[in-house]
Amino acid sequence: MEKKEVLLSVVIPVLNRAGVVGDTLDSMARQCYRPFELIVVDNGSDDGTLTVLETWKRDNEEIGFDIRIESCTTPGAAAARNHGLSLARAPWVMFFDSDDIMHSTHMLHVAEAICANPEADIIGWDVAYERLDGSRRRCGFFGNHMKRHNLFDGAMATQRWAARTELVRSVGGWDENVGYWDDIELGSRMLAVVPQIKYIGAGGVLVRESRESISAAGARDPASIEPALSRMEKTLGAKGRRWCRMKRAVEYALSSRAGSPEGLRLMKAMCPSTRLWAAYWYTRAGGRGAARIFRF
């Protein structure tokens, strides 16, 4: 029988997830699609995670399921993902997190979409998001106005797409200096080259909210968004600069609503327009969708 070429590489960074990473990896082993390459990058774990990974590999490696356990000593999810990206051998790559779950048919549907759309550079899908209280909501990839949806709705969040490996490499991969929102920032650079995108609707991914992750630190610190927004302003141009100012106003309002004095201080320092102040107070009072309501 003719050996099939590997179409997809999956990169998963891991940091101190010994208790939960097994569920994520088991969901990869249950994929009905073969062959594919799985690259798991340990990012300096000290809780026994590496032992868990090596044991799991011994128990699950099989024909058509190429498992690689790698180490990256440079701190941060972006560095770990870049290390995995540099090793990926398949023409398409997707990234996943070490506490999320993939339905057994998900990779099959992605592979079918790739083969049915040879002109595509990115395949995108919606994901289910599970909060700490167990409730769920659907998070969309969207099929148009992607630059805007990426900034305001997280359309290019880590688990919502697969892309040509060379596309991700050609835009520079993950920015290891950005930190928070590094996936949205990478997405803005990918979208800036006007790739061909295929949206396939609902995907088979469950993203689970976690108090601990490689990239979660500083999530409510309004200053943590600045490296990503500053780079996105340069990528997106004049319209992007307006969008980023609105995004700042919304995030500063969320910070204020959470009780931080930094939100209002940073809002004043931005010298916002009347419309931005309106978006700030609207969001601070509990409103949603300020960017749409105030037409940014």
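Analyst: The structure holds zero disulfides, a disulfide being a pair of cysteine sulfur atoms within 2.5 Å. C244 is accordingly in no disulfide, and the nearest cysteine sulfur, that of C271, is 17 Å away. This is a predicted model, in which local features need pLDDT of at least 70 and side-chain atom pairs count only at pLDDT 80 or more, while totals for chains, interfaces and linings use all residues. Residues are numbered from 1 along each chain as its sequence is written, and side-chain values use heavy atoms, with hydrogens and water left out.

C244 is buried, with a relative accessible area of 0%, where buried means under 20% relative accessible area, exposed over 50%, and partly exposed in between (1.4 Å probe, protein chains only). C72 also counts as buried, because its relative accessibility is 10%.

Turning to the surface, A285 is exposed, with a relative accessible area of 70%, and its place is in the loop between α10 (274–284) and α11 (290–293); helices (H or I, at least four residues) and strands (E, at least two) are DSSP runs, numbered from the N terminus. The C-alpha atoms of A285 and T274 are separated by 17 Å, the two residues being 11 residues apart along the chain. R131, by contrast, counts as partly exposed because its relative accessibility is 31%, and R131 lies in the loop between β6 (122–130) and β7 (136–139).
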